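Open the model in your viewer and keep the sequence at hand. Each stop below gives something to select, followed by what is there.

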Amino acid sequence: MHEEVVPILRVEDAAAAVAWYERLGFTRQWEHRFAPRLPAFVEVARGGVRLFLSEHEGDARPDTLVYLRVRDVEAIAAEFGAATEEAPWAREIELHDPDGNRLRIGTPTE
């Protein structure tokens with residue numbers, strides 16, 4: 001097994017969050033609930049990048065910032081109607097998911 005970091009993002013409605021992340025190219029991998037009607041804990045993945053989306057109140061706080069490096073930020077910018085900005089290290093956009101979590105997404109300039 002290789003080591004990795006998987007950010008946990010707080011969401012109110014996991015199904016709505018998964019649908020939003022699918023627009024970014026993520027795919028739902030699995031979902032866990034301790035019982036029906038209890039909060040969901042979901043994994044989404046895009047290539048080798050994974051995120052956990054949690055409806056559990058104590059797992060994370062809203063307004064988290066995650067940086068995502070991608071090959072083509074322009075395609076994501078077009079999907080979301082966002083303009084890219086030039087930073088010294090990348091062309092970037094910043095998006096907010098339905099729960100207010102921020103995703104700064106960039107394609108390195110090097």
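Select W30. In this predicted model, W30 is partly exposed, because its relative accessible area of 34% lies between the limits of 20% and 50%. F41 has a relative accessible area of 16%, so it is buried, the cut-off being 20%.

Look at the two rings together. By the rule for ring pairs there are 6 aromatic pairs. In the one made by W30 and F41, the centres are 6.1 Å apart and the planes meet at 25°, so this pair is stacked. W30 belongs to strand β2 (residues 27-32) and F41 to strand β3 (residues 41-46), and the pair links distant parts of the chain, 11 residues apart.

Keep F41 and select F52. These two rings form a tilted aromatic pair, with 5.1 Å centre to centre and 50° between the planes. F52 lies in strand β4 (residues 49-54) and F41 in β3, so the pair ties together parts 11 residues apart in sequence. F52 is buried, with a relative accessible area of 16%.

Next, select W20, Y21, F26 and F80, which form one aromatic cluster.

The last stop is D97, in the loop between β7 (90-96) and β8 (102-108). What is in contact with D97, leaving aside its neighbours within four places in sequence? The answer is W20 and Y21. The side chains of D97 and Y21 are joined by a polar contact of 2.7 Å. D97 is buried but has no salt bridge. Its nearest side chain of opposite charge is R102, 9.5 Å away.

Note on methods. Residues numbered from 1 in each chain as written. Predicted model: local features only at pLDDT ≥ 70, side-chain atom pairs only at ≥ 80, totals over all residues. Heavy atoms only, no water. Helix = DSSP H or I, 4+ residues; strand = E, 2+ residues; numbered from the N terminus. Buried < 20%, exposed > 50% of the residue type's maximum accessible area, 1.4 Å probe, protein only. Lys, Arg positive; Asp, Glu negative; His and termini not counted. Salt bridge = Lys/Arg side-chain N within 4 Å of Asp/Glu carboxyl O. Polar contact = N/O pair within 3.5 Å; in protein donor to acceptor, adjacent residues only side chain to side chain. Contact = heavy atoms within 4.5 Å. Phe/Tyr/Trp six-rings, centres within 6.5 Å; stacked < 30°, edge-to-face > 60°.
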